[in-house]
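I opened the model to look up a few positions. These are my notes, in the order I made them.

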Amino acid sequence: MLSIIKIEAVAKLIRFVRGEKVILDRDLAQLYDVETRALKQAVKRNIKRFPDDFMFTLTENEITTMVSQNVIPSKKYFGGSNPMAFTEQGVAMLSSVLNSDRAVEVNIAIMRAFVKLRQLIESNKDLAKKNAALEAKYDEQFQVVFEAIKQLMQEDKKQKNRIGF
């Protein structure tokens with residue numbers, strides 16, 4: 001089965017809100033090729049399937065922050081109502097609410113994008129740890145060099161204070 005959507009395209013839609021990786025309802029609606037209004041209605045009809053750790057509605061303050069950081073062009077982007085933000089689990093739950101072949105394909109691509117993002121974040125953590133270890137190692141070695149330079153500078157001062165040969 002050929003994927004209808006590229007993982008990289010989905011990854012660009014993942015945003016960080018409240019410390020969570022989420023995709024906004026408007027972006028999901030475009031991926032699923034449905035109206036945002038229809039997606040929201042489907043979610044509201046099945047709201048028990050979407051606890052707060054699966055989906056939450058953005059506050060005015062969060063929307064303003066996204067606009068000020070150029071994450072979204074303007075508040076008009078959302079069409080008047082506060083957007084819903086879906087976590088990875090919420091996106092998975094959407095596949096049971098939006099029952100179509102396209103929804104299944106899109107969900108597979110989205111799950112792969114979340115996994116890829118998680119792998120990238122983890123590899124960056126590993127790289128940061130290795131970098132810190134190298135810095136600590138070389139800081140110790142350079143500390144020895146700096147101490148040697150200080151001693152040489154002190155000896156040079158002592159020699160300048162001598163009179164005669």
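Is Ile110 buried or exposed? I found Ile110 at 0% relative accessibility, so Ile110 counts as buried. The cut-offs I used are under 20% relative accessible area for buried, over 50% for exposed and partly exposed in between, with a 1.4 Å probe and protein chains only.

Before going on, I noted that this is a predicted model, in which local features need pLDDT of at least 70, side-chain atom pairs count only at pLDDT 80 or more, and totals for chains, interfaces and linings use all residues. Residues are numbered from 1 along each chain as its sequence is written, and side-chain values use heavy atoms, with hydrogens and water left out.

**Entry: Ile110.** I located Ile110 in helix H6 (residues 101-160). Helices (H or I, at least four residues) and strands (E, at least two) are DSSP runs, numbered from the N terminus. I then listed the contacts of Ile110, leaving aside neighbours within four places in sequence: Val10, Ile23, Leu28, Leu31, Tyr32 and Val91. Contact here means heavy atoms within 4.5 Å. I also checked Leu13, which is 97 residues from Ile110 in sequence and 9.6 Å away, C-alpha to C-alpha.

**Entry: helix H2.** Leu28, Leu31 and Tyr32 are among the contacts of Ile110, and I found these three on the list of buried residues in H2, together with Asp25, Asp27 and Ala29. Because 6 of the 8 residues of H2 (residues 25-32) are buried, the helix is largely enclosed by the rest of the structure. After H2 comes Asp33, with a positive phi near 60°.

**Entry: salt bridges.** I counted a salt bridge where a side-chain nitrogen of Lys or Arg lies within 4 Å of a carboxyl oxygen of Asp or Glu. How many are there by this rule? The count comes to 4 salt bridges.

Arg15 pairs with Asp27, with the closest N and O atoms 3.2 Å apart. This pair links distant parts of the chain, Arg15 in strand E1 (residues 15-17) and Asp27 in helix H2, 12 residues apart. Both Arg15 and Asp27 are buried.

Lys40 forms a salt bridge with Asp25, also listed with its closest N and O atoms 3.2 Å apart. Lys40 sits in helix H3 (residues 36-45) and Asp25 in helix H2, 15 residues apart. I read 11% relative accessibility for Lys40, which counts as buried, and 1% for Asp25, which is buried.

Glu62 meets Arg18 in a salt bridge at 2.6 Å, N to O. Glu62 lies in helix H4 (residues 60-68) and Arg18 in the loop between E1 and strand E2 (20-24), 44 residues apart. Glu62 is buried at 17%, whereas Arg18 is partly exposed at 47%.
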